[in-house]
Amino acid sequence: METILTVEHLVREYGSRGSVTRAIDDVSFSVEKGEFVGIMGASGSGKSTLLNCVSTIDAPTAGRIFVEGREITGLKPREVSRFRRERLGFIFQDCQLLDTLTAFENIALALTIRGAAPGLVEKKVKQAAGLLEIADCMDKYPYQMSGGQRQRTAAARAMVTDPALILADEPTGALDSKSAKLLLDRFEILNRQREATILMVTHDAFTASYCHRILFLQDGAVLTRLERGDGSRRAFFRQIIDVVTRLGGDQSDVL
Amino acid sequence: MFSELAWKNVRRSVRDYGVWFLTIVFGVCLFYTFNALENQTVLRFLAQNPKTNIVESIRSLIGMLSVFVWAVLAFLILYASGFLVRRRKKELGTYLLLGMERWQVARLLLAETACIGAIALAAGLALGVLAAWALSAFTAGLFAVPMTYFTFALSVPALGKTALAFAAIFLLVMVYHAFAVSRCRLIDLLQAGRVNQALKGRSLGASVALFLLGAALLAVAYAMLLTRGLLRVDALFWVMIGLGSLGTLLFFRSLSGFLLRICQSRRGFYLKNLNLFVLRQFNARINTTYRSMTVICLMLLLAIGITASSVGLNNTVSQMAEEELPQDVSLTFYPDGEEPVDLPALLAEGGFDPGRDCAFHLAFPVFRSEAGQAVARSVYDAFAGRWGRAAADAFLEREQLAVRPDGEAQGAWVNCWIFLADYAGDKQAAEEAFQGAVTALSELGGYGYTTRLDTWMDLMGTKVLVLFIGLYLGVVFLLASAAVLALQQLTQAADAAGQYRVLSLLGAPGKMRGRAADAQVALAFLLPLALALVHAAVGMTAANAVIAEVGQVDSAASSAVTALLLAVVYGGYFLATCRGSRRLLGTGREARGA
């Protein structure tokens with residue numbers, strides 16, 4: 001199997017000398033092609049910082065990150081934008097759709113930036129919209145759509161370019177349970193049908209139960225890992241709850 | 001407690017208030033400079049000349065035009081205030097949520113307005129005094145006015161007028177704020193951050209219909225202007241202005257939708273790079289910008305029109321100076337006694353010897369004949385021999401003289417003596433000698449004279465006035481519209497920073513984002529300019545018809561000067577705005593940090 005993402009001994013420190021906070025403390029893991037990996041942890045456990053480092057938004061203090069065998073730490077600005085538009089897809093908690101553009105245009109933008117041919121743009125956007133079941137709101141503006149539709153539009157924008165890696169930061173954070181389930185079902189289909197590799201950060205056990213594999217972070221370090229294997233999602237969900245309860249202890253916000 | 005909160009707010013939202021503050025400072029500066037115009041060095045120099053009653057006419061002209069300038073500035077400041085309230089909706093919503101009464105919030109805004117307004121007024125006046133002084137020095141140098149006339153002058157009436165005018169504008173702003181607060185709903189205020197403006201999707205049909213209606217109104221206004229001319233100010237004139245303004249408004253209102261639909265139908269263009277983003281951003285803002293675009297277009301029209309006409313008129317005036325007088329000096333003497341007068345000899349006694357100082361001179365009596373005042377045939381022939389038959393006929397016509405045979409002149413009753421001459425050698429020295437010699441004549445009778453140099457000075461005065469007021473107003477309007485556009489674009493750029501961050505995360509390279517930012521600034525700057533140029537082309541055709549009645553029109557020179565002014569002022573602002581918006585949007589780097 002092809003390795004998409006490799007993180008080696010990643011360290012990210014904040015603050016100046018004297019009062020250093022170590023947000024990520026020596027984290028290593030890798031993600032294979034077609035995997036759906038979750039990163040769980042309480043608020044402040046370093047999971048968002050980890051995602052930011054992988055997405056080139058933040059630069060690590062030490063350690064290396066490889067995407068498809070290529071090191072992405074220390075890329076030049078021009079290489080950064082090239083890497084983002086050709087290899088990465090982003091899904092944010094608050095969608096980050098452009099509110100002056102329709103859903104169609106929001107998705108199309110990811111392609112036009114890459115210089116795709118107009119005919120191909122329309123074809124691929126329609127395909128992505130069909131896959132994420134948002135074909136009926138292509139001409140709507142973000143504020144005319146429901147939160148779930150918005151987030152699925154963002155997901156369509158992230159996958160329409162066939163990126164090597166889709167990064168999702170708390171994608172269900174602002175959704176009601178029904179919309180969240182709909183979105184995660186779509187993630188599963190994306191993952192299965194398109195072999196999309198997804199790295200998702202969440203603190204919600206239900207959301208995490210859709211993953212194949214979960215890394216649990218606490219205070220910046222990987223505390224434990226959990227594999228779903230061939231078991232059902234329901235069983236996996238219970239396992240996750242167990243880990244969270246065992247780890248959580250005094251952290252009431254994880255449940 | 002309120003004043004404390006208000007002062008804290010002002011300090012905290014310096015960036016938001018910055019736009020408002022700059023607009024007011026700029027407006028106060030322009031208004032003062034304009035009203036202090038009569039204190040300008042060049043004009044005080046002209047006022048020394050008792051023959052030209054220029055200062056009085058300037059005073060009334062400024063009075064009329066400053067009302068217009070005031071209206072423009074009031075609109076701009078109200079516009080900036082509306083922008084400010086929109087940006088702070090969430091904050092105002094929080095006050096209401098915390099249990100503040102509406103009138104208390106209105107009072108808070110009032111205190112803030114008063115606070116920032118007072119500072120801005122003071123800063124604007126200080127800047128205005130400096131600007132008026134610098135301009136005075138510059139123009140004085142330009143027109144070669146002796147430096148003895150140049151002093152640092154503070155126009156107290158202009159100061160008072162400016163303070164009063166802006167106090168009135170602040171009052172309007174306060175009323176506007178109270179109105180805005182009393183009308184708003186809490187839910188809208190708190191959610192203002194999500195959708196900053198309602199995006200009304202107008203259909204293609206509506207956009208096309210509005211566009212065509214606007215074009216038709218403009219065509220009617222153009223036709224009226226070209227057939228009726230520029231100077232017939234009656235009821236229909238105002239109808240024409242109204243139609244033109246309304247047509248311009250409709251044009252901008254429908255243009256973005258129209259443009260968007262056309263581009264959308266051309267997929268190859270629409271789905272390329274960030275084109276769709278740029279067009280959508282432009283269209284989303286048109287609901288709030290079409291009014292200001294209209295005003296800016298009309299201000300640009302004024303700037304272009306005034307500059308071009310004043311330069312055109314100035315060249316025409318220069319031409320007239322060349323044609324006015326055929327001879328260098330013309331003296332008329334009314335003797336007290338009845339005995340014949342030898343004017344050349346009298347002048348020679350005073351130090352101006354026509355035999356030495358003149359290349360040619362002619363002295364003759366005007367006598368009473370049966371056909372009224374007349375000159376002798378030989379005099380007419382001499383005149384025509386020196387300055388041409390046409391000039392001789394023009395002279396007779398102007399003085400209402402007849403030509404009689406030489407015999408009739410003998411013993412006839414002489415009304416006056418005329419002395420005509422062209423100087424030899426240094427004309428300036430000869431003129432001074434003449435002016436020194438001619439005073440002696442007052443002991444013998446009354447006299448009057450005109451010299452070519454004198455007439456030239458008079459015309460120069462008119463020329464200075466026309467050019468000065470014209471260029472001044474032109475620059476004022478040009479600066480005002482460019483500054484407003486720059487402020488508007490920069491604040492919009494600040495609003496769009498989040499969107500450009502998303503573009504960076506999607507992988508749009510800095511160069512592409514920079515081009516998109518430039519395209520947005522270019523649309524805002526060039527669309528009003530384009531329509532204003534069309535308006536101006538039609539308007540100048542009408543204006544040139546007026547100038548052509550006085551003299552020959554030099555449209556090449558006026559176009560060149562106007563184009564230069566536009567390129568320097570408007571182009572400068574355009575480039576500065578592009579740079580500023582690129583900086584605000586961070587197109588030189590990739591998005592970092594969460």
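This is a predicted model: local features need pLDDT of at least 70, side-chain atom pairs count only at pLDDT 80 or more; totals for chains, interfaces and linings use all residues.
Figure 1. Helices and strands here are DSSP runs, a helix holding at least four residues and a strand at least two. By that definition chain A has 8 helices and 10 strands. Its radius of gyration is 18 Å, close to the 18 Å that the globule rule gives for 255 residues, and chain A is therefore as compact as a globular protein of that length. The C-alpha trace of chain A spans about 50 × 45 × 35 Å along its principal axes.

**Figure 2. Burial and contacts within chain A.** Of the 255 residues of chain A, 50% count as buried. When contacts between residues at least 6 apart in sequence are considered, 69% of those in chain A join residues at least 24 apart.

**Figure 3. The contact of chain A with chain B.** Each chain is represented in this contact, with 28 residues from chain A and 28 residues from chain B. On the side of chain A that touches chain B, helix 1 (47-54), helix 2 (77-87), helix 3 (103-112) and helix 4 (118-131) each supply at least two residues, and the largest share, 8 residues, comes from helix 2 of chain A. The residues on this side of chain A comprise 14 nonpolar, 6 polar and 8 charged.

**Figure 4. The domains of chain B.** Chain B is divided into domain 1 (1-195), domain 2 (198-322 + 454-594) and domain 3 (337-443), and the C-alpha centres of domain 2 and domain 3 of chain B lie 58 Å apart. Chain B has 22 helices and 6 strands, and 41% of its 594 residues count as buried.

Technical notes
Residues are numbered from 1 along each chain as its sequence is written. Chains are lettered from A and ligands numbered from 1 in the order in which they are written. Domain bounds come from an automatic or database domain assignment. A residue is buried if 20 or more other C-beta atoms lie within 10 Å of its own, exposed if 12 or fewer, and partly exposed in between; C-beta atoms are placed from the backbone. Two residues are in contact if their C-beta atoms, placed from the backbone, lie within 7 Å. Ala, Val, Leu, Ile, Met, Phe, Trp, Tyr, Cys and Pro count as nonpolar, Asp, Glu, Lys and Arg as charged, and the others, Gly among them, as polar. The radius of gyration is taken over C-alpha atoms; the globule rule is 2.2 Å times the number of residues to the power 0.38.
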